[in-house]
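These are working notes for a colleague who has not seen this model before. Please read them with the sequence and the structure open.

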Amino acid sequence: MGDQSICDGSLSADDFYVAAKSLCELWQSANTSLPNWTWIPFKRIPTGISCNEGYLSLENVFHVKSSKELVSSQDLFQEEQTVDSATVVQVPSSVIHAYDFHIIYSFSYRNPVLYFHGHKYDGQPLALDDIQEDLPEYSLKLIRESKWTFITFEEHPYLHQPWYMLHPCGTSEWMKLLIGGALHGNPYPANYLVSWLSVVGQAVGLRVPSSLTSSCFNDASSSSIGQCVELDPSL
Amino acid sequence: MAENRTWTVSSPPPPPPSSSSDSSSERQILRFIPFQSSADEGFWRRLSSLKLDTLGLDQSPIPITGEFFSFLSACFYAPCSHPQVPNPLKLMAESLPDDPLQLVIGNRNKCPVPGTLYNTNTLESFRALDKDALLKMEARKVKSLDFSIFDDIISGKADEDCAVLSRFLLISFADLKKWTFRHWFAFPALSLEPPATLVNIQPASKVFSSEEAKSLSRACNEWRNSNMTAGVPFFFIVIASNAQVTIRPLKDWEAFHGDGEKLLFGFYDPCNLPSNPGWPLRNFLAFICLRWKIENIQFLCYRERRGLADLELSLVGEAVVLLPQDWRSPCCVPKAVGWELKPKLMNLAASMDPKRLAVSAADLNLKLMRWRTLPSLDINILSSVKCLLLGAGTLGCQVARMLMAWGIRRITLLDSGRVAMSNPVRQSLYTFEDCLDGGELKAVAAAKSLKRIFPAVEAESINLAIPMPGHPVPAQEADNVLKDCELLQSLIASHDVVFLLTDTRESRWLPTLICANESKVAITAALGFDSYLVMRHGSGPRPVSSDMLDATCNASDKTGDVNAIATQMHKLSTKNEDRGQRLGCYFCNDVVAPIDSTSNRTLDQQCTVTRPGLAPIASSLAVELLVGILHHPKRINAPGEISSSIVGSSDRPLGILPHQIRGSLPQFSQLTLLGYSSKSCTACSDAVVSEFRRKGMEFVLQAINQPSYLEDLTGLTELMESVNSFRVDWDEDDSDANVDD
C-alpha cells in the first residue's frame, strides 16, 4: 500500500498518524520561534478497531504589529472602572492577532488539509481580508497566482465551526511530483507532512524551519520545493 | 479550623542590607498587571445553544434574580510563553460543560480556573447589573451557595484546589438575532490596605546559582509535564543547601518542616513584562498572609518558552504584605477590585448567522468553478442580472431553480394561475400544501418557495394574465387590459432578461414585441409532447429618429401613396443591416399570426401533456443559454452558432452560443439551428415594431381584438417590398412589364 501511495501522492489514514508524529518530533527540536505542534486525538464511538484518529494543532501563533493609531473599539459605555493603586493600567501599543493551524486528514481526498483561523487578542474572529493583511507578500502572491491555493470557509470536521481551509483538490498531483522527485533520504511516510507543509505553509505565511526540510531532501530538491508548483503548467 | 494553628518556619532570607526596617516608605507599592481576557467563538456558540435550550424550560439554572441566568464555568490560562505577548485568560467551548458539576479537565496549556457567568436577557438588565455588589459577593459570600475568595482561603479550600484563587466573573448579554455578544470580565482580587510593597524584582536567572537554576528548571518541567500537576497554578518551591529543588503543592505546607532551605512561592504568571508580576499573585499574597501568617514573601513568576521553563523570562521578587486590620474580624467584607476597564462587544454574524453561511456556501460552488476550470466566469454579472420569468409552471419552476444554481439572485415570477393538485409532481417549486384551499397563487407560492430554498434570493411575484391576440376583450375590460399591457411593459423595461415560459403561443406575442422594441434579451422555451425548442430572440429594429417616424406617419396617411411607405421601410431595413442580420424570434418562422391556438397545433405549441423529462431539459438549456449570452461581448447581438462535429471548435470557455436548440426525446437527439428575423414576422419585424412605436398600446389593443390586423400589417410590408423590387426589375427587363401586382 505504501508503494501505491508514493506513486499517486496520496496518504492513508494510518500513514497520516505516523507522519504527524514525525512532524511533531522534528518540529520540537528545530530552531524556530513558533510553538510546537500537538496531536489532538479524536475518539469516535468505539468500534472495536483501534484507530489513531486525530489531528495536528499549532495554536497561538502570534502576529504582532505595532500600531500608532489605536483602533479603539466603540465606546460602549461612558463610565470606566476605577482601579486601585496596586493595578497597572496598560495602554496597548501593538495589535496582536493570534492564529491557529490544524492539519486534518481528509478521508475523501486521502490527503492532509490545512485549516486555519485567526482572531484578535480578545477573541473576535478575523475575516479573510484581515488575515490577508497579515500575510507576507510571498503568500499573497501564491494565493493570487497559483492554481493550487484556494481558500474556502468551511465547517471544521471536529470542532463544527467554520474555519478557513486550503482546498485540497490537486494536492495528490503535486505531492506526487514532490515526493517522486526527492526520494533520496526520504523515508515514506514519515516525512510526507514535512514536505507537504513546506509547500502549503507558504500560502499562509507559515515557514517550515530549514532544518526540517534539509533533513528530508538533498540540497537540489529542497531549493525547488517552492518552485515545483509553478513549473509544470499542465497541472 | 486552620486559622487557629500557627506554624513556625525557618525565616526567609533576610532583606538586602540596603533596605532597613523603617524604609517602608521608600519601597514602591507592588503593582500587578491585570489579566487579559479572551472569549473565543466556540464559547459564544456554546452559550448561544445553552441559552436557546434553556429558554424553553421553566426552571432556569441557579437564577440569581429573574433577570438572568448564571452558569458555573471555567476559564483557562497558562504561563506566559512569548516575550512580547501575555497569555490571556480564555473562555472556550469547554468552559460550559454539559454537567456543571463535572470536573473541567485542563492540560499543560489550559489550566482551568472556576468562575461565574451571569447572562442577562436584555441589554437594559446588562447595564443595570450592580457590578460592585457582584464583586463583593466574589470577595465574601453572601448566601450559602456562593463562592468567595475569602472563604475559600480561611476554610482551607484554597489549599486543596488553589485554582480558586484565580477565579473570574463574567457578565454578558447575547443578542441572538444580530449574533452580537456584549460582555464584561472581572478578575476579583482582594485588595490589601495598606497595599503590599515591593522590595525587589528581577529575572530568575540572576538570583540563582547555575546549579540551582538547572535544578529549578528540571523541577518546573517535571511539574509542567505531569498530568497531576500541570493544571495546578500555585505551589511552593524548596531549595535545599545542596542546590536540589523540589516543588510542592500548597496542601503540603501544613506538614512541611523547614530546615534552613530557601523558600519561594511560585505561580503560573500569564504576564510577559519584566518589571511587574501578573494578577494571580494578588490573591496568592493575600492567601499566604492570611492563611500562613507570613509577611515577607519571596515569589517566583513562572514563565516558559516552547514548553520549557525560561528563567530569563521568569521573575523572582520579594514583597512585604501587612494583614489588613479588618480581616481579623470574622464578619468582615474585604474590599475587592478587578473589573476590566471596559466591556467588550463581539460580533459573530459572519460565522454564526446561518443565512450568511448559506450565501457563502452557495458562492463557493461558483468560485470553485471559476478557479478550477472557468477563470473567465463573471460572478458579478450573474449576481446582478435581473430576470423576469413569464410563467411559473413546469418551465418557470425549473428555470428559477437553475438560475439560483448559477448564482443569479434577482428573480421575478409572473403568473396568473393557482397551484392545482396536478402541479407539484411536475412543477418543482410547489408542494402539496400549496394546493389546498383552492390553491395558492402560483407566482406567490413560487417566490416563497425560492426563499425557503435560499433565503438570500430576491424573489418577487406578479399576479398578471398576459393579454393575447386572438382573444378579444369586451369594451368594459379595455382599460384593465391596457393597464396590464403597460405593467408588462414596465416590468420588462426594469429587468435585464426575460424568459418566455408560458403555455400558449399567443401569450408569447406581446412580450416578444416589447422585448424587440427595447432589444431586451429574451429567451423562449416551448414544449411539444416529446420535443422542445429553446431559443434566444435576436435584437429588435434599431430605434428610428423622430424625423423618420414623422415622415412615415405622413406617408401612410395618404392612402394609396404606397411608394412613400416603401421607401421609408426600405431605409429602415438598410439601417438595420449595418449591424448584420438580426436573429429571429419565436414568431419569425410562422406564416400565420398568433391566433387562438386551441384548434391549430404545431410542433412548437405547448401541449397540456408532455413527457416529464422535457421541461427540466429545456429549462436547463434555457439557463445555460443565458449564461452564454451574459458572457458574450456582443450580448443580444451575438451571432448564432451551430454545433459542429469538429471537437473544440469554439474558442470560448462556455462553448458555442447557438440561436435555437431543438431536441427530440424519441431520438434522444438535439440540433442547433440558426434563423434570421423575418420581414413578415408578426412580432419583431420592422413594420410591426415601428407601428408599436408609433401608436403604443392602441396598436396592441387592435392586434388583440383583430388578429388579421397583424397579418395585414405584415402582409402590407411584404407587398411593399415586392412592389419596390418590381419597379427596379421593370427598369432592367422589358419582359416583366406585364406582370400584375
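**Notes on the model**

1. Gln161(A) sits in the loop that links strand 5 and strand 6 of chain A; helices (H or I, at least four residues) and strands (E, at least two) are DSSP runs, numbered from the N terminus. Gln161(A) has a relative accessible area of 11% and therefore counts as buried, where buried means under 20% relative accessible area, exposed over 50% and partly exposed in between (1.4 Å probe, protein chains only). Apart from its neighbours within four places in sequence, Gln161(A) is in contact with Glu154(A), Glu155(A) and His156(A), and also with Glu41(B), Gly42(B) and Arg45(B). Contact means heavy atoms within 4.5 Å.

2. On the basis of these notes: the model is predicted, local features need pLDDT of at least 70, side-chain atom pairs count only at pLDDT 80 or more, and totals for chains, interfaces and linings use all residues. Residues are numbered from 1 along each chain as its sequence is written, chains are lettered from A and ligands numbered from 1 in the order in which they are written, and side-chain values use heavy atoms, with hydrogens and water left out.

3. Strand 5 of chain A pairs with strand 6 (residues 162–166) of chain A in the antiparallel sense, over 5 bridges. Two strands pair if DSSP finds at least two bridges between them. Within this pair, Ile151(A) has Leu166(A) of strand 6 as its bridge partner.

4. Both strands belong to an open sheet of 6 strands in chain A, with antiparallel pairing and the order 1-2-3-4-6-5. Its edges are strand 1 (38–41) and strand 5 (151–155) of chain A, each of which pairs on one side only. On average, neighbouring strands of this sheet are turned by 35° against each other, direction ignored. Axes here are lines fitted to C-alpha atoms, for helices over the stretch in contact, and angles run from 0 to 180 degrees between N-to-C directions.

5. Chain A as a whole has 9 helices and 6 strands. Of its 235 residues, 50% count as buried. Among contacts in chain A between residues at least 6 apart in sequence, 65% join residues at least 24 apart. Chain A exposes about 11,700 Å², of which carbon and sulfur atoms supply 53%; accessible areas come from the Shrake-Rupley method with a 1.4 Å probe, and for residues only the protein chains shown count as cover.

6. Chain B has 741 residues, 52% of them buried, and its secondary structure comes to 21 helices and 25 strands. Among its contacts between residues at least 6 apart in sequence, 73% join residues at least 24 apart.

7. Chain B holds an open sheet of 7 strands with mixed pairing, in the order 1-8-15-12-11-9-10. Strand 1 (28–29) and strand 10 (245–249) of chain B each have a single partner strand, so one side of each has no neighbour in the sheet. Strand 9 (residues 234–239) and strand 10 of chain B run antiparallel and are joined by 5 bridges; Ile239(B) has Val245(B) as its bridge partner in strand 10. Helix 7 (residues 210–225) of chain B packs on this sheet, touching strand 9, strand 10, strand 11 (262–268) and strand 12 (296–302), and its direction makes about 35° with that of strand 10. Helix 8 (residues 280–292) of chain B also packs on the sheet, touching strand 9, strand 11, strand 12 and strand 15 (315–320), with its direction at about 140° to that of strand 11.

8. Strand 7 (residues 180–190) and strand 17 of chain B run antiparallel, joined by 4 bridges, and Thr180(B) stands opposite Asn347(B). In strand 17 (residues 344–347) of chain B, Lys344(B) and Met346(B) form a covered face, whereas Leu345(B) and Asn347(B) form an uncovered one.

9. Where does Cys681(B) lie? Its place is in the loop between strand 25 (669–673) and helix 19 (686–695) of chain B. Cys681(B) counts as buried because its relative accessibility is 0%. Leaving aside neighbours within four places in sequence, its contacts are Cys585(B), Phe587(B), Cys588(B), Val688(B) and Thr714(B). Cys681(B) and Phe587(B) are 94 residues apart along the chain, yet their C-alpha atoms are separated by 6.1 Å.
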